[in-house]
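Me: I have a structure to study. Please take me through it in short questions and answers.

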Amino acid sequence: MAGYKNIVNGDIRLMLGVLLLAVATHSPAKPGDAEQGEQIYSRRCVLCHSDEGDGLGPAAERLNPPPRDFTAGIYKIKTTGFDDMAPADEDIFRMIRDGMPGTAMPEWADVLSEQEIWDLVAYVKTFAGYEGEEPGEQLDYGEQIPSSPESIEKGKALYHDQDRCSECHGKDGKGNAVKRLKDDNGDRTWPRNQTKPWTFRASNDPKDIFTRITTGIPGTQMTSFAKPSSEKRLSIEERWHIANYVQSLAKIEQVVRAENTVVKAEKIDDDLPDSPDDPRWQATQPTTFFLVPQIIAKQRFFTPSNDTITVRALYSDTELAILLEWDDRTKSIPGNKLAEKISDADIGEDAVAIQLPIEIHDSMEKPYFGMGDANNPVNIWHWHSGTTETTEGISLLNSKGFKEIEKRDAATIGIHAKGLYTEGTWRVVMKRSLTTAESDKDLQFVSGKFIPIAFAAWDGSNSEKGSRHTMTTWYWLLLKPATGAKPIIAALLVIVVIFALLFFWARSRQPHRG
Amino acid sequence: MKIPRLLQAVLVLLGVYFGFILLFDVILKQVIPSSLLNMYMFFVVAGVFMVFTFTEEGAKELLAPIKALVEDPNNKTNRNIVFIILPLLGGAYTYNKLLPSFDAPVELRTIHPAPPASLKAYGKRYDILNLENPYRKFEKEDPERFKELIAEGGAVYIRNCQYCHGDKLDGKGPYAQGLNPMPMNFQDVGTIAQLQESYLFWRIASGGPGLPKEASPWISSMPVWQDFLSEEEIWKVILYLYDYTGHRPRTWGEE
């Protein structure tokens, strides 16, 4: 259900959405009944958006982004012009119907009828006193320029010209911040990582991207690039080029696919790569997993910034190497002035960890996925990025749950790691010999066996330290065994036997010659 | 034009095969396991064969094209082609079957394991068999108070549970996709509608680590809620779960 399928579904939904929107924009929005809407609101919306519509429900401080404050009347996703504060009814309708990916706002189309959603639209508007207002004018889309290599090329140039978009979204669009952004309430916001279209609140259809560039995202530092007063103003045509370029940034190969639960390590005869940018990694199969915040044990952590991790692995006769790759908008270096300026107070190092059971049971039993349990200890390889004083390093932990942790010397066991940060992405290689001297304390890697493996990551600029981090559940690591000659020999045998049978059958049925 | 009987049989088999796939994978959105499909198809093939060979004439007609291919000297070219393709297909099938599988092992777990007789939580021992929601009685005695309790339960839910179980209690919260097993869908008639409130209290208070072995406690992401919530908060959130979904908790049936 996750990942690529989602995008496909998203596309279908989007097409339906665009279709519906097209219909909706031609016929005026259906009149909703605010009184009916209030009934639905008090049952479905009130826990997040609150009775008063100010978004200060009981979970507000645990949600990032926070629930919308309807009383302010500011809507991020709208199709009216930049000088028009009120959104179109269809904008509110769409956000309720489809929800907002990457937030706690779900789609309501499966629960509420269209009429009920219109009723809600009518009620929600009353919080800002929009109920009597004439609908704002729709922004001017001009004529859409379809995506093409030329258009994308033009868009790319405009994106980087005067550091127009790259100022916040980074050179490669990963939202790698060079400055700290906040919204009108003073809450921290992050520039969108445009290589992850499944986190776009609306969608990555060029029309939606065009809309964001044109109206900006009200209430945030994403400004309108159509405003005549803007020094970096863009014509309609130029905005379509940028929209096409942004859409082209999607990293489709790093979409999470629910069916991919196994990291498959291929065997190579040479020495394993030490460095994350070794070209041999390109030939390996990436597997991407969701990272979710640690909300299970104390201290629970609700506002993560990392959301996926991509894993590759290789092994040789003696060693295993794992490459971990994840987008992190900030290189967090404690002691570094610039890094501390972008960071939340109390900056920490960026970090990543691999968790492995020490023993693989023949039964299904595994250690508890949160750092093991009393009967089933785990190995944790914990890499940290370093400060201005210390270099990067890796530590080895043996743990039996959150509280019983033994620190061991990674170097003696032969675990090595090397990290590299480029343009909003960390890549870290971890290596260990397949076997170690202490088989009761370290997992011994064997090819052909499914080995449980889990991951965790820390963004040091996002107050992530200790138990405040993102993590995955158990997945699998498989050192792919050599296939051997058995299948090919058996196949040849079958071919010969079938052919012989057919041959003798046919022969026995032919009239005898000569 | 009459369709040859052999082709008819083959078309029927293909029709049934893709019919199954259409029905299960596309319409019901439940991918049919290949072992089950193979079993169904075994019976279908046997049935089709029996129907098509019911009379001797029919059987002859069915096998005529095969007979002609093997016996008729004029069919030499076709025969040679078939005799090369068939062994190759057999070889390819064998090869693929014998390649080691790199699919993740299937792990089955009990979703609603039997509860223990008693539960230790909050420094007390609860007898699960006779445990009742202390607030349930207000449903009849004091509906106003009952409504307040549900609202308080809702606040507990949205602060603590929706991240996984979702705003709509459908098990599709913002972090659900990163978890395995997936969070429980309370809207489904197969979950809380089948359970007693005491069962929910046990599951919430002791969380994933409190599950018995057959339910794979090591992968459940359910926190041990007695570490975070008071006893009262758990009972209130249970009221909310039933109220929002419209389900009724199961009881011992005296009502």
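Me: What does helix α3 (residues 56-71) of chain B span between its end C-alpha atoms?
Reply: Helices here are DSSP runs (H or I, at least four residues), as strands are (E, at least two), numbered from the N terminus. The expected span is 1.5 Å times one less than the number of residues. A straight helix of 16 residues would span 22 Å at 1.5 Å a residue. Helix α3 of chain B spans only 20 Å.

Me: How are residues and chains labelled, and what kind of model is this?
Reply: Residues are numbered from 1 along each chain as its sequence is written, while chains are lettered from A and ligands numbered from 1 in the order in which they are written. Local features need pLDDT of at least 70, side-chain atom pairs count only at pLDDT 80 or more, and totals for chains, interfaces and linings use all residues, as this is a predicted model.

Me: Where does the kink in α3(B) lie?
Reply: A bend is the angle between axes fitted to the seven residues ending at a residue and the seven starting there. In α3(B) the kink is about 45°.

Me: What radius of gyration does chain B have?
Reply: The radius is taken over C-alpha atoms, and the globule rule is 2.2 Å times the number of residues to the power 0.38. A compact globule of 255 residues would come near 18 Å. The C-alpha trace of chain B spans about 90 × 40 × 35 Å along its principal axes. Its radius of gyration is 30 Å.

Me: What distance separates the centres of the two domains of chain B?
Reply: The bounds come from an automatic or database domain assignment. Domain 1 covers 5-98 and domain 2 covers 118-245. Taken over C-alpha atoms, their centres are separated by 52 Å.

Me: Which element of chain A gives the most to the side that touches chain B?
Reply: Contact means C-beta atoms, placed from the backbone, within 7 Å. Chain A brings 51 residues and chain B 41 residues. With 14 residues, the element that gives the most is α12(A).

Note on methods: Two residues are in contact if their C-beta atoms, placed from the backbone, lie within 7 Å.
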